[in-house]
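Thank you all for coming.

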Amino acid sequence: MSTEVAERGVFGRLVGQHDVEQSLRDAALSARGDSSGSEMTHAWLFTGPPGSGRSVAALCFAAALQCTSDGAPGCGECHACTTTMGGTHGDVRRIIPDGLSISVKGMREIVNIASRRPTTGRWQVIVVEDADRLTEGAANALLKVVEEPPDRTVILLCAPTTDPEDMSVTLRSRCRHMPLVTPSVESIAQVLIDRDGLDPERARIAASISGGHVGRARRLATDESARDERQRSLRLAADAIGASTAYKAAENLVKSIEADTKAFYAELKEQELEELKVALGGGGTGKGTAGTLRGSAGLIKDLEARQKSRDTRARRDLLDRTLIDLAGMYRDALSYSLGSTSTATHPDMARQAAELAARTSPEGLLKCIEAVLECREAVDFNVKLQWALDAMVASIGAAFRPPFSRSGG
């Protein structure tokens, strides 16, 4: 780790967010009473594109608020900082939804925690990641505690944007907004060099094709399966053009996503079911244990419902990653077609982008991008993955036929 990163303490984990870092440092000082400003408030909203580090920023701020060092808050070395960043601090709760939404029931439990006074730390801190998954009822339950906050409680919300589709307008208005930006290729590459020990060339290539996502850059640099997944996504750009390959490619993509999701969660599902059965008396030999299990069907059904919701979320996330890559490919082709000198999303796929640009007009490429965005929207509205992808490849195929195709293409 570089000396500069070490000196920044916990904030050394933030990449390319200087203004946000400074604001959070000032607020942490204000919370200690070491500043005459009014930077500190009880509710915060961190927004930014995927990979910008909004949840990391929230966690760093939580550590700075709890920091017991006499120096700058967020030293990264005291017990409060290390336990907060490690997820074991008794007064810092991280809410990380793994399903499609955060329910009213779940949020009421969070509100109860928020009403408590801190036991070991300076503050009771609640970090809600993916706050855009709050249901309307959950958002209303959270709004009550945000509007009438307990004395030593801080709520940190993380969401992609402040758009009403992502965040309740009223809830947003009660929070101080911290907008994060997409980190530069240079800053991401430097992180991979300093923290992961990668050679500069490998780090630069991974950073340039990551779409500004630090975590993805790390996976692309170190995980061959992540690179294979990306190549599979980009092949769809060409496969979707041909009538003989489009629907088969869409079908194979869905099968691959289903298989990946099943493999990823198979062991966890088994473990969760076994733990629930043990908690309910499974495996016991005492009197009444059989009756206990017979009466637990509802609890097992609830577990299966949560697992199903998690699987659906995982499938959508995998597909969304593919669609973002695909939209970037057509965007590169459009830039090439228009003679733009803007930075490519996939600089290593310049030849393929040029080939796409040669086969249709800029209008056709815009239609392709629109088809990808419409597919993302359809999936958000619970359209089956296969149906959404079939509609997408049909629209893409049409964009490479008259009146959009290049003459002689």
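Before we begin, contact here means heavy atoms within 4.5 Å, and helices (H or I, at least four residues) and strands (E, at least two) are DSSP runs, numbered from the N terminus. What you are looking at is a predicted model, in which local features need pLDDT of at least 70 and side-chain atom pairs count only at pLDDT 80 or more, while totals for chains, interfaces and linings use all residues. Residues are numbered from 1 along each chain as its sequence is written, and side-chain values use heavy atoms, with hydrogens and water left out.

Let me start with helix 2, whose buried residues pack against strand 1 (43-47), helix 3 (54-66) and strand 5 (176-179). Buried means under 20% relative accessible area, exposed over 50%, and partly exposed in between, with a 1.4 Å probe and protein chains only. The buried residues of helix 2 are Val 20, Glu 21, Leu 24, Arg 25, Ala 27, Ala 28 and Ser 30. Just after this helix, Gly 33 takes a positive phi of about 85 degrees.

Next, helix 9, which runs over residues 200-208 and holds Ala 207. Is Ala 207 buried or exposed? With a relative accessibility of 2%, Ala 207 counts as buried, and, leaving aside its neighbours within four places in sequence, Ala 207 is in contact with Val 185, Ile 188, Ala 189 and Ala 217. In the same helix 9 lie Arg 204 and Glu 201, 3 residues apart, or about one turn of the helix. These two form a salt bridge, with their closest N and O atoms 3.1 Å apart; the term asks for a side-chain nitrogen of Lys or Arg within 4 Å of a carboxyl oxygen of Asp or Glu. Arg 204 counts as partly exposed, at 41% relative accessibility, and Glu 201 is partly exposed too, at 43%.

The structure holds 18 salt bridges, and another of them joins the side chains of Asp 260 and Arg 232, at 3.8 Å from N to O. Because Asp 260 lies in helix 12 (residues 246-279) and Arg 232 in helix 11 (residues 224-239), this pair ties together parts that are 28 residues apart in sequence.

Finally, in helix 15 (residues 350-359), Glu 355 and Arg 351 sit 4 residues apart, and their side chains meet in a salt bridge of 2.8 Å, N to O. Arg 351 is exposed, with a relative accessible area of 53%, whereas Glu 355, at 40%, counts as partly exposed.
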